[in-house]
Amino acid sequence: MDALRTTCGPEGRCPEQARGEVEAGRVAGHLATAGFVAAGVGAAVGLTLLLTAERRERTKVGLVIGPGFVGVKGEL
């Protein structure tokens, strides 16, 4: 990334030779954003289903917190 900043200068005007690298960075950024959105939606749907599921006598739901992660653990 620093090489691209050096090539493009402080104004952000990149030469034609750097176009492929700039586009690859944009694509990677969009894919990362889509991945975070998909993970958030999946977590919200999973938590909603887990918390609204028909309860049985042995249903257990708990929050799991550890170094670098937060999750929900449950038994249905």
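Reader: In which helix do E23 and R26 both lie, and how many residues apart are they?

Author: Please note at the outset that this model is predicted. Both E23 and R26 belong to helix α2, which covers residues 19-52, and they are three residues apart, about one turn of the helix. Their side chains meet in a salt bridge, with 2.8 Å from N to O.

Reader: How many salt bridges are counted?

Author: The count is two. Besides the pair in helix α2, R19 and E16 join their side chains in a salt bridge of 2.9 Å, N to O. R19 is partly exposed, with a relative accessible area of 49%. E16, at 57%, is exposed, because the cut-off for that class is over 50%.

Reader: What is a disulfide, in general terms?

Author: A disulfide is a covalent bond linking the sulfur atoms of two cysteines. In this model the count is one. The disulfide connects C8 with C14, at an S to S distance of 1.8 Å.

Reader: What is the handedness of the link between C8 and C14?

Author: The link is right-handed, with 105 degrees about the S-S bond. As to accessibility, C8 is buried at 7%, whereas C14 is partly exposed at 34%.

Conventions: Residues numbered from 1 in each chain as written. Predicted model: local features only at pLDDT ≥ 70, side-chain atom pairs only at ≥ 80, totals over all residues. Heavy atoms only, no water. Salt bridge = Lys/Arg side-chain N within 4 Å of Asp/Glu carboxyl O. Buried < 20%, exposed > 50% of the residue type's maximum accessible area, 1.4 Å probe, protein only. Helix = DSSP H or I, 4+ residues; strand = E, 2+ residues; numbered from the N terminus. Disulfide = S-S within 2.5 Å.
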